[in-house]
Amino acid sequence: MKRITYVLIFFMLNMVVVNIWGQEVFIEGVKYDVHENEGVADCIGTDGSIETLIIPSSIIYNGKTFSITKIGYTGFKNMYHNLKSVVIPKGVTKIDKGAFSDCTSLTSVSIPEGVTVIGNSAFSGCSSITSIILPNSVTNIDNGAFSGCEKLSTISLGGVIVIDKYAFQNCTDLTTISIPNRVICIDEAAFFNSGLISVSLPASIRFVSKGAFGCCKNLTSVTIGDGIISIGDEAFQFCSNLTSINIPNSVTFFGKDFIGWTSSDKLESVVLPDNKPVGDLSFLQIPNIKEVRGHNTLLPDYVTPDLFSYQNQSKIAAIATSFSNYAFSRVTTKISEWQKKKEFETTAQWKIRVTEEARKQKISQIIEEVKKTFITERTPKKLQCTLDTYDADNSIYTVKSELLGAIYVKTSIDGAQTLKKEWNNITIIPQYGVVNDQLGLLNCTFKLANKITGKNLTYNSVKNFNGDKASDLAINLPPLEIDFSGSTGKMAEPTAPVVKDIDVDLSIPSTSTVNSKTFAVVIGNENYQRAAKVAYAVNDAKVFAGYCQKTLGLPASNVRLYKDATYGSMLAAVKDIQSIADAYHGEINVIFYYAGHGIPAENTKEAYLLPVDADGTQPEACYPLSLLYKKLEGLNAKSTLVFMDACFSGAQRGEGMLASARGVVLKPKFDAPQGNMVVFSATQGDETAYPYKEKGHGLFTYFLLKKLQDTKGAVTLGDLSNYVTTNVSQQSIVVNRKSQTPTVVPSANVGDGWKGVTLK
């Protein structure tokens with residue numbers, strides 16, 4: 001009996017396999033997956049010869065009729081040579097994952113009523129489709145369903161309730177869309193980099209997720225319905241033509257950079273919810289903002305385009321800029337200008353004028369000047385105060401100011417009675433200053449003209465405001481730091497602890513040389529949202545930026561430091577240096593530093609830099625190394641020096657991220673650098689770039705910094721190359737027991753002359 005039982009079980013298992021996968025058959029050039037026991041079939045492709053495909057509602061196979069109910073998984077993928085038109089029959093309920101993906105010749109698809117699901121990437125990469133009409137039966141557009149449909153200009157959303165991630169990403173011809181009043185969610189990057197000009201979000205929408213309309217560069221106006229609750233991180237980031245936005249009172253959550261200071265230099269008007277805190281309003285740094293208000297009331301006079309943060313208050317969610325933030329760019333710009341050698345100034349005169357002591361004094365002077373401007377700009381037209389309670393035991397009257405909190409006045413009982421009686425006739429005279437890095441009240445005088453004597457009665461505030469404290473701006477002003485961290489992505493691998501080499505990180509040599517026409521773009525990508533973390537990458541970038549400033553003599557405003565940069569942030573970083581190069585007509589030197597993951601495209605082996613919001617499975621969401629070289633060449637700079645602490649080998653298929661490595665095993669293809677460019681890379685071929693755990697740095701970056709420290713920056717590129725290559729190669733073999741061989745590749749224009757160029 002036991003043997004019979006085992007045989008029956010084996011037989012049943014085979015029946016299940018047949019039932020799931022069905023039987024593949026060709027009928028008149030069309031391929032079907034027939035499920036005989038269920039009486040249905042999936043349409044899963046053609047023989048490649050059909051241009052116009054009218055799928056039948058049923059087929060006959062082995063004398064039986066089978067209804068067509070599904071367009072199968074990746075069935076028609078890559079049929080770009082012939083398939084141009086598809087008519088899907090009634091009875092089909094699902095268009096499965098990747099069904100028509102990359103059918104680049106496909107121009108039209110007819111989708112019948114009854115289809116409920118458009119699967120992940122179902123039409124992604126169908127770059128010739130211009131129009132899609134979805135029936136009312138479709139409720140979900142899944143992840144990336146129409147991503148990369150570049151010519152898609154018309155879409156009817158039917159009965160859609162949820163627009164999933166990346167659904168219309170890179171649909172650059174999609175200029176208008178009517179979103180039905182039943183859609184409740186627009187998910188992450190759903191319309192990222194689409195061609196939308198205007199958007200009207202109906203009252204049914206509750207959630208607009210991260211990057212939903214990011215990089216919609218043609219977007220000029222957004223109308224948001226009253227039902228929306230949440231606007232995610234970077235939802236409207238890099239919308240460079242957006243002129244106004246009105247956020248309804250229903251919104252209770254704003255993500256980081258939900259508009260973002262890089263969104264639009266044309267943004268002029270922002271209407272915000274009343275009585276609700278907003279976590280990040282960095283967009284208010286946009287220079288053309290003319291109006292910021294709530295729905296029912298103007299914000300106070302001190303609310304200006306320089307706001308950096310919002311804080312919950314009783315009636316209006318607003319707080320003035322901290323003085324340090326306000327002063328940073330102003331002080332660095334003025335001191336950089338002051339310490340330049342003047343046109344009619346000899347070198348000897350310049351050295352006498354620009355000394356360390358003179359620089360300290362000049363910075364103090366500039367800070368005082370900037371402080372006066374800060375106070376003048378932030379001072380409200382009128383200080384509104386209300387009389388509160390009198391403490392007879394301590395002879396203190398409390399006066400309340402909505403803007404600055406409690407003000408305390410010491411007065412006798414008789415004086416307090418007069419103050420209360422004559423409050424409406426009191427003249428308030430405030431004196432403002434910088435208090436705890438904010439606009440604050442140093443003291444306040446309340447005056448009352450005595451009707452009998454004609455003399456003034458004066459009441460002075462007595463609260464100790466800790467004096468007029470200026471921001472602590474050290475002589476070694478820090479590099480401009482732009483932080484794109486704060487992701488909620490989760491990875492199993494913990495962040496490696498930062499173990500600082502005190503000598504290299506803290507003992508950074510200083511120089512009196514000022515390289516005012518050298519600019520540095522420094523990117524450290526460590527905390528990846530969907531990939532393994534890169535140990536010490538942020539520390540690498542921060543310390544390298546410090547060496548650029550202190551050792552190589554770049555003014556602080558010339559050093560752009562990006563931590564945990566997204567794809568959009570990397571685009572912005574390159575655009576920023578392009579703008580600088582244009583302003584200087586190419587008469588600059590450029591240093592570009594990157595620490596983070598590099599990946600190869602699986603099919604082309606092209607090398608990419610990996611943003612922290614990408615996982616490498618979609619190269620279009622990564623930054624091509626070839627594009628970076630092209631952009632840097634396009635600067636027409638006098639010289640461009642690239643340091644790349646990343647590898648581009650990839651991971652073994654199915655084995656995931658290399659646990660001990662910094663990179664994400666293919667041998668990548670590299671384009672040669674162009675123009676006046678020299679590229680220092682951490683590895684060669686299919687090698688991995690390793691961390692130097694004892695030092696808290698990447699192995700390549702540590703020895704790069706060490707040589708800069710030892711030579712105080714006075715090192716030729718040839719000597720730097722020899723030192724880094726020798727020490728990294730030796731250390732990697734000893735510690736990691738694997739090869740890591742840095743390489744230096746100059747462009748053809750540079751020739752061998754690069755070796756004698758001094759870095760400083």
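Here are some questions and answers about packing and backbone details in this predicted model.

User: Before we start, what pLDDT do local features need here, and how are residues numbered?
Analyst: Residues are numbered from 1 along each chain as its sequence is written, and side-chain values use heavy atoms, with hydrogens and water left out. This is a predicted model, where totals for chains, interfaces and linings use all residues, side-chain atom pairs count only at pLDDT 80 or more, and local features need pLDDT of at least 70.

User: How many aromatic pairs does a search of the whole structure find?
Analyst: Rings of Phe, Tyr and Trp (its six-membered ring) pair if their centres lie within 6.5 Å; planes under 30 degrees apart count as stacked, over 60 as edge-to-face and the rest as tilted. With that rule, the search turns up 19 aromatic pairs.

User: Take Tyr61 and Phe66: is that pair stacked or tilted?
Analyst: The two ring centres sit 6.5 Å apart. The planes of Tyr61 and Phe66 are at 50 degrees, so the pair is tilted.

User: Is Phe66 buried or exposed?
Analyst: Buried means under 20% relative accessible area, exposed over 50%, and partly exposed in between (1.4 Å probe, protein chains only). Phe66 has 1% relative accessibility, so Phe66 counts as buried.

User: And the rings of Phe146 and Phe168, are they stacked or tilted?
Analyst: Their centres are 5.4 Å apart. Their planes are at 5 degrees, so Phe146 and Phe168 are stacked.

User: Where in the chain do Phe146 and Phe168 sit, and how many residues apart are they?
Analyst: Strands (E, at least two residues) and helices (H or I, at least four) are DSSP runs, numbered from the N terminus. Phe146 is in the loop between β12 (140–141) and β13 (154–156), and Phe168 is in the loop between β14 (162–163) and β15 (185–186). Both residues are buried. The pair links distant parts of the chain, 22 residues apart.

User: Which residues form one aromatic cluster?
Analyst: Phe146 and Phe168 turn up again here, as members of the cluster.

User: Which residue lies over the face of Trp338?
Analyst: A charge sits over a ring if NZ of Lys or CZ of Arg is within 6 Å of the ring centre and within 35 degrees of the ring normal. Here the distance from the ring centre is 5.3 Å, and the residue is Arg353.

User: What angle do helices α10 and α11 make, and is the crossing left-handed or right-handed?
Analyst: Axes are lines fitted to C-alpha atoms, for helices over the stretch in contact, and angles run from 0 to 180 degrees between N-to-C directions. The axes of α10 (residues 699–711) and α11 (residues 717–736) come within 9 Å and cross at roughly 135 degrees.

User: Is α7 oblique or roughly parallel to α10?
Analyst: The axes of α7 (residues 537–550) and α10 come within 11 Å and cross at roughly 20 degrees. The crossing is left-handed. That angle makes α7 roughly parallel to α10.

User: Which residues in α10 does α7 meet?
Analyst: On the α7 side, the residues are Asp540, Val543, Phe544 and Tyr547. In α10 they meet Thr701, Leu704, Leu705, Leu708 and Gln709.

User: What is phi of Ser121, and what about Tyr166?
Analyst: Most residues other than glycine have a negative phi. Ser121, in the loop between β10 (117–118) and β11 (131–133), is partly exposed at 25% relative accessibility. Tyr166, in the loop between β14 and β15, is buried at 13%. Phi is positive in each: near 55 degrees for Ser121 and about 55 degrees for Tyr166.

User: Which residues is Thr640 in contact with, leaving aside neighbours within four places in sequence?
Analyst: Thr640 is in strand β37 and counts as buried, at 5% relative accessibility. Contact means heavy atoms within 4.5 Å. The partners are Val590, Leu632, Asn676, Met677 and Val678.

Notes
Angles under 35 degrees count as roughly parallel, over 145 as roughly antiparallel, 65 to 115 as roughly perpendicular and the rest as oblique. A crossing is left-handed if the near helix is turned anticlockwise from the far one by less than a right angle, and right-handed if clockwise.
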